[in-house]
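Thanks, everyone, for making the time this morning. Let me put the structure on the screen before I say anything about it.

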Amino acid sequence: MTNRYRATEDAHSAAPRRRTVVKAAAATAGTAFVAGPLAAARPARAATDAPAFLHGVASGDPLPDGVLLWTRVTPVPEATPGSGVGPDTEVRWVVARDKAFTSVVAGGSTTATAASDHTVKADIRGLEPATDYWFRFSAGGTVSPAARTRTAPAADAAVPGLRLGVVSCANWEAGHFSAYRHLAARGDLDAWLHLGDYVYEYESGGYAARGEVVRPHAPANEILTLADYRLRHATCKTDPDLQALHLGAPVIAIWDDHEFADNAWSGGAVNHTEGAEGTWTARQAAAKQAYFEWMPVRPAVAGTTYRRLRFGKLADLSLLDLRSFRSQQASAAGGSVDDPDRTLTGRAQLDWLKAGLKSSDTTWRLVGNSVMISPFAVGSLSADLLKPLAKLLGLPQEGLAVNTDQWDGYTDDRRELLGHLRANAIGNTVFLTGDIHMAWANDVPVDAGTYPLSASAATEFVVTSITSDNLDDAVNAPEGSVSAIASPVIRAANRHVHWVDTDRHGYGVLDVTADRAQMDYYVLSDRTDADATSTWVRSYRTRSGTQRVERAYDPV
């Protein structure tokens, strides 16, 4: 394990079906929140009443003095996720400085109940900054695997570096989660950032790998109820590669649309039929409850994922919720993408983001952003590529060059935010984005029409999907062949785009120092192969003070 914060630690120790993408106090324990019983969400085990930890353990949202721990206990075989059955079960947790648990620093217990789907959270405080810890759970004589986590540096610490894995769009039926395995194997991550679409809502076969189901998920139906959402989360958490990554580093997660339904907005979604599929209010509430039960996320505002974390004097990370407050997409609701009465963020969240960016005293301001903020025009693609690209982007297939699910569909919010960055001379703002199933490295121009003569207000690194279809999949072409044609056309129409790969699946590794923030892009050999290999393909960085992206020729 590379100790990224060693200098900080030493200093501290000296002083105490419808698809549109491109689209604790060191002993403080808390419980998760409030069934459909399919046993497919759990691996086979002996029919015994001994409790089992079938869905792994995880940690998240690291603070300088604490971290949030998570697990799910199966107290008896019939207590499957979403079933609503099973006895109350005492779950104990312990935190230590070493994997052998010879130096225990915190411990406690809480009760897992059917009302919380037998999920458990423990919000540990009283830990040391920038320090590796090990934790595990136990229940009824059964002990969970041991996992590593790490606290954030002290707020005023001089931090030499920060390294985050960056992922998005992990569709179970479209392939295996090899990206998680390769990130886990690195052993050098301070944390990993999931930018949304941790689960997908579709019925089995509704959205797979070029139309073919690689591995069926549970439940087989489109998820609508609380029991459905719980079971889909549980299915994903049986994946061994995902479990391995959760064992190795804390996660920092936000949601996008598929944690709810495709192209979700505050009052509905493309993939929701009011009445026939119940009310959107009930479905959204069920999705949120299951998410907070099954994810180690500590919301700063109840019912949302927007919040802010800090990593010493080096960086803060503003995490956005771009589904709970947004107006309906313009292409569905009518009206203009420039309408100032339409919003992506909601007023309160945009004001919070602007205030946080302005008051930040860190070298870097990172923004966890679920949909692309950089403007995007299709350009003059040939008809055989324009139609599938428009379908993937959720555009009218006649070729309207705007994706109204992204910031392009809410230009007043974007104009206000970028204008705020420029007016207040706020530099070193880097948007970290998922959703679009493509990899991008972008400047974020104040005026795309005159760029590069006009200013760049920020930069943006977009990671591709772990498994979800991208452009070559949409046209059933060999991997890489479509990007060779589409990428030059896209870049010609969008001069702020330094690189775009429309075809491959993979992940990113963000490495931040005082001088630069660099994203290394990795691709997988075959998302349908459980043993897929990983290859570095490109790197881009932004140097401090520039608000511009440039190519780097080696990964960190």
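Predicted model: local features only at pLDDT ≥ 70, side-chain atom pairs only at ≥ 80, totals over all residues.

Let me begin with the largest nonpolar core, which has 38 residues, and in which Tyr180, Trp192 and Tyr507 touch the most other members. The elements that give two or more residues to this core are the helices α2 (178-186), α3 (226-236), α4 (240-248) and α5 (280-294), together with the strands β12 (251-253), β20 (506-512) and β21 (516-524), and of these it is α5 that gives the most, with six residues.

Trp192 deserves a moment of its own: if we leave aside its neighbours within four places in sequence, Trp192 is in contact with Gly165, Val167, Tyr180, Leu242, Leu245, His246, Ala249, Pro250, Val251 and Ile252. There is also a second, separate core of 37 residues, and among its members are Val159, Leu314, Leu510 and Val523.

Now to the helix pair. How do α7 and α9 pack? Helix α7, residues 347-359, and helix α9, residues 411-423, pack at an angle of about 15°, with their axes 10 Å apart, and since angles under 35 degrees count as roughly parallel, α7 and α9 are therefore roughly parallel to each other. The crossing in which α7 passes α9 is right-handed.

As for the residues involved, Arg347, Leu350, Asp351, Leu353, Lys354, Leu357 and Lys358 on the α7 side meet Asp413, Glu416, Leu417, His420 and Leu421 on the α9 side, and the residues of this contact divide into six charged, five nonpolar and one polar.

Definitions and conventions:
Residues numbered from 1 in each chain as written. Heavy atoms only, no water. Core = buried A, V, L, I, M, F, W, Y, C linked by side-chain atoms within 4.5 Å. Buried < 20%, exposed > 50% of the residue type's maximum accessible area, 1.4 Å probe, protein only. Helix = DSSP H or I, 4+ residues; strand = E, 2+ residues; numbered from the N terminus. Contact = heavy atoms within 4.5 Å. Axes fitted to C-alpha atoms, helices over the stretch in contact; angles between N-to-C directions. Parallel < 35°, antiparallel > 145°, perpendicular 65-115°, else oblique. Left-handed = near helix turned anticlockwise from the far one by under 90°. Nonpolar A, V, L, I, M, F, W, Y, C, P; charged D, E, K, R; others polar.
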